[in-house]
Amino acid sequence: MKILIVNGPNLNLLGTREPEIYGSISMETCFTELKNEFPAHELDYYQSNIEGEIINRLQEDDFDALVINPGAYTHYSYAIADCLKNISKPKIEVHISNIYKREEFRQKSVTAAHTDAVLSGFGMDGYRLAILSLK
């Protein structure tokens with residue numbers, strides 16, 4: 001199975017950005033660990049701070065399943081929500097922090113309704129749990 005992992009804005013700073021919320025592990029380290037743990041799957045990773053670039057990547061349609069952390073776009077990107085709505089493959093939304101323990105605006109996801117499941121608050125392990133759920 002080819003699994004695409006997509007991260008949205010500011011998640012390129014994982015490992016250094018607010019470690020008390022997001023931890024101290026970089027996405028590069030996490031991705032290497034995921035590839036080692038799931039050698040039977042082809043994992044691909046993409047990150048962008050630009051909404052349209054995320055949509056363009058999702059529309060390439062070269063994957064069997066999707067793990068997406070839309071970052072701040074979770075809360076207001078109807079464009080990404082519409083894109084997800086048109087992807088008929090398995091999709092899991094991941095949030096590193098527990099969005100329900102954060103600011104009120106972070107507690108609403110406009111993208112979640114167009115995914116099969118949401119993992120929130122498991123730290124970087126959320127990506128691993130998402131992949132496990134796709135087996």
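Q: Hi! Which side chain does the side chain of Tyr-22 make a polar contact with?
A: The side chain of Arg-17, at 3.5 Å. A polar contact here is a pair of N or O atoms within 3.5 Å; within protein, one must be able to donate a hydrogen and the other to accept it, and residues adjacent in sequence count only if both atoms are side-chain atoms. Before we go on, this is a predicted model: local features need pLDDT of at least 70, side-chain atom pairs count only at pLDDT 80 or more, and totals for chains, interfaces and linings use all residues. Residues are numbered from 1 along each chain as its sequence is written, and side-chain values use heavy atoms, with hydrogens and water left out.

Q: Thanks. Where does Tyr-22 lie, and is Tyr-22 buried or exposed?
A: Tyr-22 belongs to helix α1, residues 19–22. Helices (H or I, at least four residues) and strands (E, at least two) are DSSP runs, numbered from the N terminus. With 8% relative accessibility, Tyr-22 counts as buried; buried means under 20% relative accessible area, exposed over 50%, and partly exposed in between, using a 1.4 Å probe and protein chains only.

Q: And what does Tyr-22 touch?
A: Leaving out residues up to four places away in sequence, Tyr-22 touches Leu-14, Arg-17, Ile-96, Arg-102, Arg-106 and Met-124. Contact means heavy atoms within 4.5 Å.

Q: Which residues does UniProt place the "active site" feature at?
A: The unreviewed UniProt entry puts it at Tyr-22 and His-95. UniProt positions are given in the numbering used here, feature names are shortened, and annotations may be inferred rather than shown by experiment.

Q: How many residues do they span in sequence?
A: They span 74 residues, yet no two of their C-alpha atoms are more than 9.5 Å apart, so they gather at one spot. The lining of the largest pocket includes Tyr-22 and His-95. For the pocket search, a 1 Å grid is laid over the protein atoms alone: a cavity is a set of points where a 1.4 Å probe fits but cannot get out, while a pocket is an open set with protein on both sides within 12 Å along at least five of seven lines, and lining residues have an atom within 4 Å of a point.

Q: Tell me about His-95: which strand is it in, and is it buried or exposed?
A: His-95 is in strand β4 and is buried, at 5% relative accessible area. The side chain of His-95 makes a polar contact with the side chain of Glu-93 at 2.6 Å. Beyond four places in sequence, residues touched by His-95 include Asn-69, Thr-74 and Ser-120.

Q: Switching to the "binding site" annotation, which residues does it cover?
A: In the unreviewed UniProt entry it covers Asn-69, His-75, Asp-82, Ile-96, Ser-97 and Arg-106. The farthest two C-alpha atoms are 24.1 Å apart, so they do not all gather at one spot. From this set, Asn-69, His-75, Ile-96, Ser-97 and Arg-106 are in the lining of the largest pocket.

Q: Where is Asp-82, then?
A: Asp-82 sits in helix α4 and is partly exposed, with a relative accessible area of 45%. His-75 lies in the loop between β3 (65–69) and α4 (78–85), and counts as buried at 14% relative accessibility.

Q: New topic: how many aromatic pairs turn up in the whole structure?
A: Two. Phe-31 and Tyr-45 have ring centres 5.7 Å apart and planes at 40°, so that pair is tilted. Phe-31 lies in helix α2 (residues 27–37) and Tyr-45 in strand β2 (residues 42–47), so the pair ties together parts that are 14 residues apart in sequence. Tyr-73 and Tyr-76 form an edge-to-face pair, 5.7 Å centre to centre with 70° between the planes. Rings of Phe, Tyr and Trp (its six-membered ring) pair if their centres lie within 6.5 Å; planes under 30 degrees apart count as stacked, over 60 as edge-to-face and the rest as tilted.

Q: Last one: what does the side chain of Thr-115 reach at 2.9 Å?
A: The backbone oxygen of Ala-112; that side chain also reaches the backbone oxygen of Ala-117 at 3.3 Å. Thr-115 is in the loop between β4 (91–95) and β5 (117–120), and is buried at 11% relative accessible area.
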